[in-house]
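Trainee: I would like to learn how to read a protein structure. Could you take me through one, feature by feature?

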Amino acid sequence: MAESEEEVDVLVQRVVKDINNAFKKNPNIDEIGLIPCPEARYNRSPIVLVENKLGMESWCVKFLLPFVHNKLLLYRQRKQWLDREALIDITCTLLLLNPDFTTAWNVRKELAQCGVLNPERDLYLGKLVLTKFPKSPETWIHRRWVLQQVLRQCRPRAAEQKEPGEVELGGAQGSPPNERLRRVLRDEMKVCAEAAGRYPSNYNAWSHRIWVLQNLAKGNLKILYDELSSMKLWVSTHVSDHSGFHYRQFLMKALVAELSRATDASCGPSQDLHRSHWPNGDGVGPAAAEESRTASVPELFGKELELCTDLIETYPGHETLWCHRRHVFFLWYHWRKEQSQDVGRQPSLLNHTDETLSGSLGASAGRNVQAMDVDLALEESKQTSYTQDSKRLKRGPLQLRPGLPSEHSFVTKILSGCRSPEQGRFAAAYRKWLDSVIVAADTRDAKKWFSLI
Amino acid sequence: MLVKGLPGGASRVNMKLYSLSVLYKGINKSNLLKAAYDLSSFSFFQRSSVQEFMTFTSALIVERSSTGTRSSIKEQEYLCHVYVRNDSLGGVVIADGEYPSRVCFTLLDKVLDEFSRQVDSIDWPSGSPATISYTALDSYLAKYQNPREADAMTKVQAELDETKIILHNTMESLLERGEKLDDLVQKSEHLGTQSKAFYKTARKQNSCCEVM
């Protein structure tokens, strides 16, 4: 076993070189890992490359890590010079072992700024690191720095810019779609999803995902819709992952904001439609556009509550699902409130208020609303291919327009059929929340309406 | 603006099945007859050790469960569900904490029933994965990865009496007084040297703050 300082030095140089060679030999390495191996095999490298996986035998770490760590610090203190290639290799080795060593990432930032290191290499290195350390805060932080560099490189001339981040993906009329940014965005979503799968409620991964959308895809309706739809399966198989559901809440908020903002814009003289990216395609006239925008917000909420209902019924006793329901219903309630405050712009407003009043007065009016929605729902189900929707239809009517009466009947249904004590508790708590937070505020608003009429 | 995530507890939130095994509960020890594994969610270099541990765990559970019982044993972020029939044929499903246990018991009933009709009971006491010809485990494991695919939940609610399932909060509660899991690991023939070494280091580390 290597014991003397010279022997350790030789061993470490060899390992760093082996790692570098592994990357050269296989540019498709997609995972790193530690191989539990308490003792070295005679004269064999601790670096193992199998398929696209890079492994390091555990015995060498206690030599390797302190040595390269020290070497980098000496460089930083200007006590020992390292050329650019050596710096790249050493920081790479260090970060594969300890990605939260900020100094190593910072050295790489300097190399990138000198033009010696392509920042996208750090996106690749970060992706590898996250296969073993899915939460590593410094890795995510550095990733955002790199993405800012990439954005700066992709950004069109300042004169053409409308809003930061908005035009990058080809939103502005006439500018060609930015392929590089699209690819980067797709990769980021993938990296976030993988990291989220490797650690439960991976706060850092989900925050990063939100940051990416806010900075690389601001105002892009199509991407928001795509994310919402692609996340459906993920949250259905991770029903306790609060961060995953929080991401859906972010998407809902962003979608509602975009849809509402565009409605406001199209009401004015200059119809700023180029901000929009229709999920169904272009070429929709302004009046029809406005109608389908305002119509689609209730539909959005209806579908989200439907997903929530489905999961609550299938997997009883998960608090996360009930928390999600509260968030979604509250968002809906808020949006409806804002809509009702824009008096005169929305002639259908009175129907909203009627629904609220009838909701708090009795269930019969609510039932009428439900009957109408069943027709809509059946219409909808013909288009959907998701089998769970058609199964649910057999159980009961779908509610596409959310409201208090439907929420209360949902709670009643759960309480009457549930066998899980936790489920019962959550349902009762939800009902209490509806009564104390929502209805109280609604009653105040309703009284205000009466005084105005 | 950063997202705040509530603590999700120790459970791995994958809604996954990791292994499905059929064993024979002999007088002194249990005998592995056939097994299927899905290790795709584990890091590559840990997979062979993980598989060995799942075999070790399944065998131990069947050994320590009485015939004619169903149990669920919690071990770290996993739930192990076992059914040992009165004829000493046993099945173990190792799943994550999220996967609905009712579906696991449905699966076990189905598999053991089919196995007992396809493989003669005379072969059970001395059989091994190499000698037993029963090939359906892999496809069952794959199919049941999505608990809704099974669609047996409403049916099972009627058939299975949940109060009869024994719950254990740790593997330790299956052991005899004075028995230590560490000792059983060291003595086990299901575990290779690398796995035993892995077990030793894993016990010392908090995997959340892992540097190595």
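Mentor: Begin with chain A. Of its 453 residues, 51% count as buried. Keep in mind that this is a predicted model.

Trainee: How many helices and strands does chain A have?

Mentor: The secondary structure of chain A consists of 17 helices and three strands. As for its contacts, take those between residues at least 6 apart in sequence: 68% of them join residues at least 24 apart.

Trainee: How do I describe two helices that pack together?

Mentor: Two packed helices are described by the angle between their axes and by the distance between those axes. Take helix α7 (residues 179–198) and helix α8 (residues 203–216), both of chain A: their axes cross at roughly 165° and come within 9 Å. Angles over 145 degrees count as roughly antiparallel, and α7(A) and α8(A) are therefore roughly antiparallel to each other.

Trainee: Is the crossing of α7(A) and α8(A) left-handed or right-handed?

Mentor: The crossing is left-handed. On the α7(A) side, the contact is made by A:L181, A:V184, A:L185, A:E188, A:M189, A:C192, A:A193, A:A195 and A:A196. On the α8(A) side, the residues are A:A205, A:W206, A:H208, A:R209, A:V212, A:L213 and A:L216. Sorted by type, the residues of this contact are 13 nonpolar, one polar and two charged.

Trainee: At what angle does α7 of chain A pack with helix α9 of chain A?

Mentor: Helix α9 (residues 221–236) of chain A packs with α7 at an angle of about 25°, and the axes are 13 Å apart. That angle makes α7(A) roughly parallel to α9(A). This crossing is right-handed. From α7(A), the contact uses A:L185, A:M189, A:A193, A:A196 and A:G197, and from α9(A) it uses A:I223, A:E227 and A:W234. Those residues divide into six nonpolar, one polar and one charged.

Trainee: Which residues touch the most other members of the largest nonpolar core?

Mentor: The largest nonpolar core has 96 residues, and those touching the most other members are A:L213, A:Y247, A:F329, B:L17, B:L20, B:F115 and B:Y134. Helix α10 (residues 242–267) of chain A gives the most to this core, with nine residues. Leaving out residues up to four places away in sequence, B:F115 touches B:V22, B:L33, B:L89, B:W124, B:I132 and B:Y134. Another core, of 43 residues, lies apart from it; its members include A:L11, A:I47, A:L97 and A:W105.

Trainee: Now a loop residue. Is A:P99 buried or exposed?

Mentor: A residue counts as buried under 20% relative accessible area. A:P99 has a relative accessible area of 1%, so A:P99 is buried. This residue lies in the loop between α3 (84–97) and α4 (102–114) of chain A. Not counting residues up to four places away in sequence, A:P99 touches A:W105, A:V129, A:F133, A:S136, A:E138 and A:T139. A:P99 and A:V129 are 30 residues apart along the chain, yet their C-alpha atoms are separated by 6.9 Å.

Trainee: And where in chain B is B:S88 found?

Mentor: B:S88 is in the loop between β4 (78–84) and β5 (89–96) of chain B. Its relative accessible area is 15%, so B:S88 is buried. With residues up to four places away in sequence again left out, B:S88 touches B:L23, B:Y24, B:K25 and B:T67.

Notes:
Residues numbered from 1 in each chain as written. Chains lettered and ligands numbered in written order. Predicted model: local features only at pLDDT ≥ 70, side-chain atom pairs only at ≥ 80, totals over all residues. Heavy atoms only, no water. Axes fitted to C-alpha atoms, helices over the stretch in contact; angles between N-to-C directions. Helix = DSSP H or I, 4+ residues; strand = E, 2+ residues; numbered from the N terminus. Parallel < 35°, antiparallel > 145°, perpendicular 65-115°, else oblique. Left-handed = near helix turned anticlockwise from the far one by under 90°. Contact = heavy atoms within 4.5 Å. Nonpolar A, V, L, I, M, F, W, Y, C, P; charged D, E, K, R; others polar. Core = buried A, V, L, I, M, F, W, Y, C linked by side-chain atoms within 4.5 Å. Buried < 20%, exposed > 50% of the residue type's maximum accessible area, 1.4 Å probe, protein only.
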